[in-house]
Amino acid sequence: MGATRRCPRGRGLRGHLADGLAPTALLLIAAVPERGARQNGRCSNRINRVPAWLESEVSTSGFNVKRDDRVATTTVEECDVVIVGGRLAGAAAAVPLAHAGHNVVVLDKSRFPSDQLSTHVLVPNGVAELQRMGALPRILQLGPAQSRYLGVHVGDVRLRERFAPVDGIDYGLCVPRLEQDVCLVETAREAGVDVRERCMFEDVIRRDGRVTGVRYRHDGEDHVIRAPLVIGADGRHSKVAAAVGEWQPYRGSQNGRGFAFRYMDDPKVGTIEHETYGLYRQGKPTVLALPSSPRGQLLVVFMAPVDDVPRFRKGGDQFWWDAIAEDPNLAERVAGATNLSPLRSTTKLVSYYRRSSGPGWALAGDAGHFKDPVAGQGQRDALHHGRLLGETVRGTLDDPVELDSAVRRWEQHRDRDTRSTYHWANRESRPEAPSPLIREVFRTFEGDDRPDVSDTFNRIRKIEKIIGPSRLVRGLARALLARGADRKAILSEAAREIPIELGIRSETWFGGFRYSGWAPSERSGWSMGEPPKVRDEEDRSSRAETA
């Protein structure tokens, strides 16, 4: 693994190791060439190699040589920022840092192109993030369908709205991660980011309670990178979160839905349907029909009750088509579709917030926060807040106090921006058929071609602003006055929803940073499972002895 290209910043390896070391250790360090030393006015690309046993000892406070007969070596490098995970949040954070002239290393366990289980939908605000990053031209070369409309089908209610433009972008994209993520990686490399593939993160390095770098393995060898900031952008099962002691979220919600999806040839190419993101709610599943990439492909996603996901896995094509037939609007949309892909599915969709900043570290994207994919916000949030993280810290890397304050401010802003959609997604993840009250609330949008419901997905207005008290009252009145209405059931539902509305607004008004109090949209019983294992000191010593 070669050294990073630009001259490193900071005190260098000698400075990090020398504090408080014994004279014998100082002699050893003095014999090690310093990466980044200037030779004839140029930055050297040489890297340090120190014994693995020494590297493991200096990662903790103090210095204690237990053995001196080990010969295994570890590559030690320095850069300005290390990012673990090179997909949405990681690439988005890396690009503004590189544009600011910083030396950024991204480590990813995958070799790109690499797929990822995801609904991969972006509405205009997310596509605008691709544009800001510089990745949009590459992605458009893939020839994806461009969806300019949102279609909502709730029982017998039908809406179609045109998306409001964001930074001149008036369409959404749904590009498979296999193709999309490699475009992000290539864009980051073009910006000057050192993206390293097939690199397995193993642990953070700490000094005096502060994260100062990472250990990773590549091609069977140990490597160390020291940096003022480590960003974990390694997804829901984040090893960085586990390494910094933040595996367990401080708040979360059990999801009542899983998802199962397939690609197919879209029978509606050439019609407005191939420019429309379709959302279908008839029975308990919420179903998305998303024109995809390349143009002519369609992604159909069932957000089904968790108990139904095994049936999708075992039932084959017959169960798939039977599930589609339960919603006449959906059946009409996909009638004649061919060339179905294999099914992909998951039931592991717990929503959560983790503490996402600390001394020398931050968690971006799903590593720090996840919400149910039914809201279609995950990719946008990863891109948006990844970019903001890079922009927020790029001028603070020389000052640890200022850096820690910056990542904390970033986390606070992320939480304020995502709180509304978190609660919205929690409510939508209840595996229930749309009630008469829900249908009548949506019916209040009929005959109005303004971007109302679509603005919630586009994050132009919060859902509580669009479906506010006056609209809820109108929907309730319609439901109660409808012929044959079960008024007792409708009033019971309204009584159940009012505390949720009040709880969301109470948190917005009074909830502090890292709020974990009363939140009636959340459901108990959630668990993140066991954290991924981080290689401990005993394992490091064992590997060093056998290397």
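Predicted model: local features only at pLDDT ≥ 70, side-chain atom pairs only at ≥ 80, totals over all residues.
1. Helix 16 (residues 469-481) and helix 17 (residues 487-510) pack at about 170 degrees, and their axes are 11 Å apart. Because angles over 145 degrees count as roughly antiparallel, helix 16 is roughly antiparallel to helix 17.

2. Is alanine 494 buried or exposed? Its relative accessible area is 13%, so alanine 494 is buried. Leaving aside residues up to four places away in sequence, alanine 494 touches Leu437 and Leu476. Alanine 494 and leucine 437 are 57 residues apart in sequence, yet their C-alpha atoms are 8.1 Å apart in space.

3. Helix 5 (residues 124-133) and helix 11 (residues 378-393) have axes that come within 9 Å and cross at roughly 40 degrees, which means helix 5 is oblique to helix 11. Their crossing is left-handed. Asn125, Gly126, Glu129, Leu130, Arg132 and Met133 in helix 5 meet Arg380, Leu383, His384 and Arg387 in helix 11. This contact divides into three nonpolar, three polar and four charged residues.

4. Arginine 132 also has a charged partner: its side chain meets that of aspartate 167 in a salt bridge, 2.3 Å from N to O. Aspartate 167 sits in the loop between strand 8 (157-162) and helix 7 (177-190), while arginine 132 is in helix 5, 35 residues apart, and the pair links distant parts of the chain. Aspartate 167 is partly exposed at 45% relative accessible area, and arginine 132 is partly exposed at 38%.

5. Another salt bridge joins aspartate 317 and arginine 262, with the closest N and O atoms 2.9 Å apart. Aspartate 317 lies in helix 9 (residues 309-325) and arginine 262 in strand 15 (residues 257-265), so this pair ties together parts 55 residues apart in sequence. Aspartate 317 is partly exposed, at 44% relative accessibility, whereas arginine 262 is buried, at 8%.

6. Finally, some salt bridges share partners: Arg427, Arg430, Glu432, Arg496, Glu497, Glu501 and Arg505 are joined into one network. How many salt bridges are there? The count comes to 45.

Definitions and conventions. Residues numbered from 1 in each chain as written. Heavy atoms only, no water. Axes fitted to C-alpha atoms, helices over the stretch in contact; angles between N-to-C directions. Helix = DSSP H or I, 4+ residues; strand = E, 2+ residues; numbered from the N terminus. Parallel < 35°, antiparallel > 145°, perpendicular 65-115°, else oblique. Left-handed = near helix turned anticlockwise from the far one by under 90°. Contact = heavy atoms within 4.5 Å. Nonpolar A, V, L, I, M, F, W, Y, C, P; charged D, E, K, R; others polar. Buried < 20%, exposed > 50% of the residue type's maximum accessible area, 1.4 Å probe, protein only. Salt bridge = Lys/Arg side-chain N within 4 Å of Asp/Glu carboxyl O.
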